[in-house]
Structures are given as C-alpha cells and as structure tokens.
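Please take a look at the structure below.

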Amino acid sequence: MVQNRKVTLKEYAVEWPTQDNFAVEEETLGDPAEGHLIVKNHTLSVDAWIRTTLSDAGMHTTSALGDTIRAFGVGQVVASGDPDWAVGDWAYGMLCAQSHAVVPAAEMSKVEVGNQIGPEAHVGPLGITTGLTAWVGLCAVGEAAKGDVVVVSGAAGAVGSCVVQIAKARGCHVIGIAGGPEKCAYLTDQVGADVAIDYKAKDKEGGVRAALAKAAPDGVDVFFDNVGGDILDDVLDNLRPTGGARVVICGAISQYEDLDNVQGPSLYLRLAERNASMRGFVVSYHAARFPEARAEISDLIRSGDLQLEEHVVEGIDNFPEALMMLFSGGHRGNLVVRA
C-alpha cells in the first residue's frame, strides 16, 4: 500500500491562479492493475501551459474540478503491473502534481539515467515541454542555420535558455529578451547569448524595438516567441527586409491571463512586406524527430554546451506556490518541484 499526496483543482482561476484555487489531498493506492504502474515522482516540470488548464476557457485540455493538476514529470517505478517494466525503472510522462502516480504503462516513456545525465534532465534539457520544445521550435520549425540572427523572448526561462544554447551551438548570433538586469546578465554571462535586451527598461528611448534595431541592424532571421503581445510586434518590425525570416510561435505567456480576449499582433503585415513566415507548433506533432533532438541535446549536455539552471521548490504541497512563481517572474532557468 502506497500513500499518495496530491494537489487538486479546487476552483477555476479567474485571472492568475492563487492558493485558493488548489487543495492538497491524500489517498491510499493499492497494487497497480494489469498494464499499469505506480511511479514515485522525483521531479515535476512547472510549465506555463498548466495555467491554460485551470479555467473553463482553457487552451489545452481543461481540468475538471477535483482533478489532480496536470504536469509532466520523471520518477521511478515502485510497483509494476506490466511485464516490460521493472521496479526501479525510470519513467517520464504526465505524472501530475502528486507524490505517486498510477499510470498506464503505455503512456510512459522509459528513460535512461546515467552517463552524465541525471533524472532531472528529463524534465529539463531532454523534457518534452522544455528541451524538446526548444529544439523542435528552433530546428524543425524555425530551421535555424549557422549565421542566422536568432531572437528569443522569455529567454531566461527554461525553454528560452535551451533555445539560446542550441542556437549558439549551431553557430547562430543570439539575442535574448528578458525582464530585469539580473536575468539579462544571466543570459550573457551564463547561458551564452550574444546580446540581452531588458524589456522592463522602458526608460530607454525606443524600448525593445529600438534595442533590436541596434543589436540586429540587418534584421532578424528567426524569432522564437514565448511571450506574444507588444514584444511580438517589436520583433515583426525588425525582421530581415530581404526576406526569408521565420517567426516561431511557441507560447504567449503575456496573454494567458485572459484567454477570452487574446491580443494579436498589429504588425503582422510585416510578414507579407518582407516575404517572411509565422508558424505555430505543437511539440508532440514532431515526435518522429525526437530521437534526433535527444541525440543532439545529450551530446550538448555531455560536452557542457547546454546547461540548464534549476530553480527547485521542495515538496509536493508547494506546487501551487511554484506555479504562481512562474507567472510572477520570480525564477530563472527551469522551475521544478522536487516531490
């Protein structure tokens, strides 16, 4: 018998989530049914998309009241009802915000731990919502190549930090956009961006748009957007005028507070004027390229060319606190909960 502690959705969030939206519950788990596993969570990824499941206008699958909060995680099998899985195997997938998860074995990915890659890497550089999202958006969708000028918004976050490092490893000139001097210093001093632009420095004449024009005088080739809103317009106005620029829409954290009133770009005609393209993506649609992505990312981890700082919140009870921290900007790198 296993005691599970889980964070559930008590009431829907109206704007940003608060502690009142969540409850912590306990339950006793019996032996797993045939084809199922009990996985003890090790590390859970705290991602922006989770916010979109917490209201009845969700962009992703909306959670029902009483559901365990959805989150990807990595953990170790403690009981198995599937002959292909043994106690002690490491599993990655939708483990949710709980100490132990009962999951269908078919929905889990078996992952290898060792050879300079720890379990936490599978919700970081090798995680589907982090490193694989970064690789797919930059390489498969954005087709970033050596010599390209790449701009990344939300660059000090988990996905953004991976995008910067993968782009640098591919020989790109990388400009990161983040909020505040500390995050900008992190981008240039630790992550390796060539230039960091502070979008909060509104006192600077011209703001982000002028800073981009200075940092990329010939224009931007690839924009990896995690933010949307005004920053998307700022970059659209700085696309390479000679054509071929690619705008990749990964997310729009500036818009998640009110999904009924999403504000789109006002300068989208720059795409037509400059023979550019804008494309959104869902990472799971590119699963056929995951082996290629994992191989490249694993090599970068082992060589030291891809390092993702972790901001660790301890304890499953503190998952709501971590989620609220994500939207307040109180972290950098990969925000995780260690269950």
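Contact here means that heavy atoms lie within 4.5 Å. The model is a predicted one.

Val150 stands opposite Val174 of strand 9.

Two packed helices are described by the angle between their axes and the distance between the axes. For helix 4 (residues 207–215) and helix 5 (residues 229–236), the angle is about 30 degrees and the axes are 9 Å apart. The crossing of helix 4 with helix 5 is right-handed. On the helix 4 side, Val208, Arg209 and Leu212 take part, and they meet Asp233, Asp234 and Val235 in helix 5. The residues of this contact divide into three nonpolar, no polar and three charged.

Strand 1 (residues 2–9) has six of its eight residues buried, so it is largely enclosed by the rest of the structure. Strand 1 pairs with strand 2 (residues 22–29) in the antiparallel sense, over eight bridges. The bridge partner of Gln3 in strand 2 is Thr28.

Ala79 lies in strand 4 (residues 72–80). Is Ala79 buried or exposed? Its relative accessibility is 16%, and because buried means under 20%, Ala79 counts as buried. Leaving aside residues up to four places away in sequence, Ala79 touches Pro32, Leu37, Ile38 and Val87. Ala79 and Asp89 are ten residues apart in sequence, and their C-alpha atoms are 10.0 Å apart in space.

The aromatic rings remain. A pair of aromatic rings is described by the distance of the centres and the angle of the planes. How many aromatic pairs does a search of the whole structure find? The search finds four. In one of them, the ring centres of Trp16 and Phe327 are 4.9 Å apart and the planes are at 25 degrees, so this pair is stacked. Trp16 lies in the loop between strand 1 and strand 2, while Phe327 lies in helix 8 (residues 319–328), so the pair ties together parts that are 311 residues apart in sequence. Trp16 is partly exposed, at 30% relative accessibility, whereas Phe327 is buried, with a relative accessible area of 18%.

The rings of Phe72 and Tyr92 have centres 5.9 Å apart and planes at 10 degrees, so that pair is stacked as well. Phe72 is in strand 4 and Tyr92 in strand 5 (residues 90–94), and the pair links distant parts of the chain, 20 residues apart. Both Phe72 and Tyr92 are buried. Ring pairs join Trp49, Phe72 and Tyr92 into a cluster.

Technical notes:
Residues numbered from 1 in each chain as written. Predicted model: local features only at pLDDT ≥ 70, side-chain atom pairs only at ≥ 80, totals over all residues. Heavy atoms only, no water. Pairing = 2+ DSSP bridges. Helix = DSSP H or I, 4+ residues; strand = E, 2+ residues; numbered from the N terminus. Axes fitted to C-alpha atoms, helices over the stretch in contact; angles between N-to-C directions. Left-handed = near helix turned anticlockwise from the far one by under 90°. Nonpolar A, V, L, I, M, F, W, Y, C, P; charged D, E, K, R; others polar. Buried < 20%, exposed > 50% of the residue type's maximum accessible area, 1.4 Å probe, protein only. Phe/Tyr/Trp six-rings, centres within 6.5 Å; stacked < 30°, edge-to-face > 60°.
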